[in-house]
Amino acid sequence: MNDLIEWRVKEAIGILTINNPPENYLFEPEFVSLPTMKTWTETPNLKGILIQGKGKHFSAGGDLRRLFEMVSNGERLEEKLAAGNAVIDHLIHTNLPLVAAIHGVCFGGGLEIALACDIKIAAENALFATPETGHGLLPGMGGTVRLPATVGKAKSMQLILTGDMISTEEAIRIGLIDVTVPRKEVLSYSFTLLHRMTKNLSSRIIRSVIEALRNSSTLPPDRAIAEETRIFCELAKEEYIRRLAEKESEK
Amino acid sequence: MSDPIFNTIEWDVTDRIGHLVITQPPSNKMTVSFFRDMGLLKEQIQHSSDLKAIIITGKGRHFSSGADLDELLEEISRRNDSDTFLQANYSSLSFLEMLPIPVISAIRGVCLGSALELALFSHFRFCSEEAVLGMPEATFKLIPGIGGIQRFTALAGKAKALDYILTGQTFDAQTALELGIVDAVVAKRDLITEAEVFLQWLPENFSQVMRRVYLEKYSRKVGR
């Protein structure tokens, strides 16, 4: 199952490729096993993660046939979804910048993976949808939570209830994605952005910034601030010692 | 009249408008004394009932280059209560945001790091055409520590915030306007006057919720 997702590291940026062309259906909610994902993200000095789809599309989402098969086999769907969520959660809690490089279709579970990313970059020709309700389901891997956090409740309700497909143009207008670039440049643009943002920083600082940034949207303000203070103090003390050592060695 | 209790700022109230000037030129670095002064000013402002608005500027060419890092790092490392110390620094600036009267930062020259965080605690930010802004903390192996991450993200969105905070790259006035980090770009010689005119124009029953509405109405009025 794991070869349906590829991992490679290029210049401290991890590139996660959904590799099940042509539609890049996600074989299971746990699209990579958590232990595998952990080994990947524990690559020393990793500075960011880019997620893309192989071939023509990002991902058309969950494989419905397979999903209903699981149900009929008596497999515990709840556990499967929880495992999928745990993988996404792990990616988020690496505290590394996550960038989705989207082209072609980005539906359902594919969109839910993209929604977990900090920056979403899409080709001009990309298409977005949450088609689950049309199949008697609802977005089951964080979609009902992260979509409203990204585009607001009103738009989310429309997208989820109708299952309507929207273009990149509309997606950028409603704030679903951040940047649009020509199809051929999606990957290079995304990689360059991640690389440019992180090349002069240590993994430690990057993780600190992302953690503080995430706290600002997940914690109540006073707790986010207390956390920011805590992180700042830790870094300040480390930096102070480093500066002292530098002065010593200059003597 | 400037109040003699302050060492690093001037505080002067004319026509019910409070003028706060950071007076540590040329770069108006924010020192431990500055934060102490701001703490004192906080008490004073919270007890003055007839203040109508506040304008914040830097003396000379610049708003401020931000925290005095050498001093700050030493202070944090020396203290056992560095968390409390930083929280005090935080609330010595954050009270501005909570005030029921409008607070505007008029930004000339550089406005970096903690100085931008100070400006982000004001309700409005006007800057001059040559202003340079930025959050360079990460390049010093630190993070913005006085609420800047939250406010930058709220104004410019997560993707842009991540980019500017990680790279620490500075940006000019026009970019700041496009990002939503500042509300207006004004010629340097007109900056303070324009900020004052704007404050005088705001209604007495100012409400933060109406921030955008005020800005839109005002820009229609001045034809920008």
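In which helix of chain A is the place of E248(A)? Select residues 221–250 of chain A, which form helix α10, and E248(A) will be found there; helices here are DSSP runs of H or I of at least four residues, and strands are E runs of at least two, numbered from the N terminus.

Before going further, note that this is a predicted model, in which local features need pLDDT of at least 70 and side-chain atom pairs count only at pLDDT 80 or more, while totals for chains, interfaces and linings use all residues. Residues are numbered from 1 along each chain as its sequence is written, and chains are lettered from A and ligands numbered from 1 in the order in which they are written.

Stay on E248(A), which is exposed because 8 other C-beta atoms lie within 10 Å (exposed means 12 or fewer such atoms within 10 Å, buried 20 or more, and partly exposed in between, with C-beta atoms placed from the backbone).

Now display chain A as a whole, with its 10 helices and 9 strands. Its C-alpha atoms fill a box of roughly 70 × 40 × 40 Å along the principal axes, and buried residues make up 44% of its 251 residues.

Finally, bring in chain B: 30 residues of chain A are in contact with 29 residues of chain B, contact meaning that C-beta atoms, placed from the backbone, lie within 7 Å. On the chain A side, α8 (186–198), α9 (203–218) and α10 each give two or more residues, and the largest share, 14 residues, comes from α10(A).

Definitions and conventions. Two residues are in contact if their C-beta atoms, placed from the backbone, lie within 7 Å.
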